[in-house]
Amino acid sequence: MPLLDIRNLTIELDTPHGRVKALERVSLTLNPGEVHGLMGESGSGRSLLAKAILGIGGHNWKITADRMMWNGENLMDMSTKQRRSLMGSEIAMIFQDPISSLDPAKSVGSQIIEAMPDNPDIPWWRRGQDKKLNAKKWLHKVGIKNPKKVMGSFAWELSDGICQKVMIAIAVANQPKLLIADEPTNSMELRTQAQIFRLLSKLNQLHNVSILLISHELDTLSRWSDRLSVMYCGQIMESGITAEVIETPYHPYTRALLDNIPDHSNPEYHKMMMETLPGSAPALQHLPIGCRLGPRCPEAQKRCVAQPLLCRKKNREFACHFPYHEEPCYDDTATKS
Amino acid sequence: MTRYLLRRLNLFLATSLVLILVLFVATSRFPVEHKFALTGIHSPTPEQVAQITADYRLDEGNLSQFTAYLQQRLSGNLGVSATSNQPVFDELVQVLPASFELAGVAAILALLCGIPLGVLASLSKNKITQHSIMAITLTGYSIPVFWLGLTLSLWFGVELGWLPISGQINLLYEIEPVTGFLLIDTLLSDSQYRMSAFTDAVLHIILPAITLAVLPFTVVVRITRTAMLSIMEETYIKAAAARGLQTSKIVIRHALPNALIPVLKNMGLMLGAFSSYAMVVEVIFAWPGVGAWLVSGIYQRDYTVIQGGILSVALIIIFLSILIEVMHTAINPISRKEMYATS
């Protein structure tokens, strides 16, 4: 049974320009113990998806889904309170800007301790001490060399890398089953990035934490994730085992992404035009109907004004009427967008 | 931190010096005999004239006169009151605690009611609650305090007869001043009527305290609300929610401490307006505080009282606003971050 199974999730935002579908019919399946990469440009709704899974959407969101199953329970049917307790214990999230996701008026240590669960086996007067020890242990585990000093400092006194490690420590201290990492290494230097990714994959291997890794860098995702979903403009384009997706992309968007990776082996490369898809990603208030890649897609034809449903073949999923290397599923074309 | 404290101390000393300089210049411009304006002695004997001239070095240059003035005032010699012939300093010591008592009760009232209401206004999704809270605060903000004081005493004091409308306590009670704060003194006294005296003092303070609290209350509500609204959108609040904390816990532990920082800052900015409101309230309710004392001094052209009153009130305001700023820095780790960057 998959750990997280989302079918046809749609998020509509109320904006001054009217209601827009920021996410349209997104489906995502996450198996226990895997690192699932979610690839997308900025603005493609990756963070919205993550927040929708956690249930911390804004006040102008309208979320509809056929199902959103967590371990066999439907998240859509749960009350806010139930979801909060689920978030504390089973799902955790780390954000792309670690310094601003820590309360600036409180020491880092108190925030870690706050997130820790009470241990009912210990009498209540020793629980505080126990939590403190635990917090130190976790900080040490995520690779912070002087946990005591870090616990006494404020978030803005620490570097981005250390703050992200603290966030990871807070997230994993409850031993969650799923960790959502929303661009965990955004604006960090390469060495820190590598440390964070190594830490995440170690957590995945040692504690069997499933990770939903959100990023815009295809090479990072291809290196660290087991399965990959590619998102464009709020629609899932393709998903499957990372190696296979990269080897033989079915969807024109994935293919374009792979083709456009700069080739630095060619000495004349820096004098050539960079290959990209024509045009740019549409703004939220000017979304095309049907397949949102349509206007930019090299393979687009008349049929593309109807949104292709996600089609599952040979352990791969793709949403395209004219895929490469594979026949499309004709039976389940969406009639309405 | 030491450097910061020294800088604040320096600010306090410099501002006070300028204040005393202004008073010094104003005193020499008062439309009376200069010696009378300085000491309050109406018809001094020849010995007193010699003494005054020596004390204030009146036959020397301006700078020397100013240092002498500074010396006299700082050593506590504020002259004598022309109307009562008491030393101004003694009168000041008698009236200051009453003012502090009134201001303290009003401030506590404003904070205790204002902060929860501000939080409620920011968290409530109900448009009616939000708008009615905002309407109440806007009304309170725009009501002139003298009208409010008179109306309250007319309704609750005269027509309904629930509360006394003047003074600090019924004159029948004789309370030995220990701390000067009547609410504490009544409890400390060993008279057999001390509980009823305490109740009487509480009843007397209700109307003036409410009148004085209205303005800071509305400001606190509005600032708490705006601060909470912006803070609830911050990433760390979302992150705390993602950690599974309940909304009430998030508000109390993370949002409120951050929201109170601007409230504290604005309390410092409001001190001047607050103290002038306090004077008006003291006059309306015949509260025996420094404001009423100063205003009666002005009416009676009692120049030493005017000087003493202005000096003490201004010094207290300067001191408190610097104290609030220091407190703001001490309890607010974020402002220490700014200090990192500048120094």
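Residues are numbered from 1 along each chain as its sequence is written, and chains are lettered from A in the order in which they are written. Because the model is predicted, local features need pLDDT of at least 70 and side-chain atom pairs count only at pLDDT 80 or more, whereas totals for chains, interfaces and linings use all residues.

**The sheet of chain A**

Chain A holds an open sheet of eight strands with mixed pairing, in the order β7-β8-β9-β3-β10-β11-β13-β12; strands are DSSP runs of E with at least two residues, and two of them pair if DSSP finds at least two bridges between them. The edge strands, each pairing on one side only, are β7 and β12 of chain A. Strands β3 and β9 of chain A run parallel and are joined by five bridges, and in β9(A) the residue I211(A) is the bridge partner of V35(A).

| Strand of chain A | Residues |
|---|---|
| β3 | 35-40 |
| β9 | 210-215 |
| β7 | 91-94 |
| β12 | 311-313 |

**Chain B**

Chain B has 14 helices, which are DSSP runs of H or I with at least four residues, and zero strands. Of its 343 residues, 34% count as buried, that is, 20 or more other C-beta atoms, placed from the backbone, lie within 10 Å of their own.

**Where the chains meet**

In all, 21 residues of chain A are in contact with 18 residues of chain B, contact being counted if the C-beta atoms, placed from the backbone, lie within 7 Å. On the side of chain A that touches chain B, α2 (80-89) and α3 (108-115) of chain A each supply at least two residues, and α2(A) gives the most, with five residues.

Technical notes
Two residues are in contact if their C-beta atoms, placed from the backbone, lie within 7 Å. A residue is buried if 20 or more other C-beta atoms lie within 10 Å of its own, exposed if 12 or fewer, and partly exposed in between; C-beta atoms are placed from the backbone.
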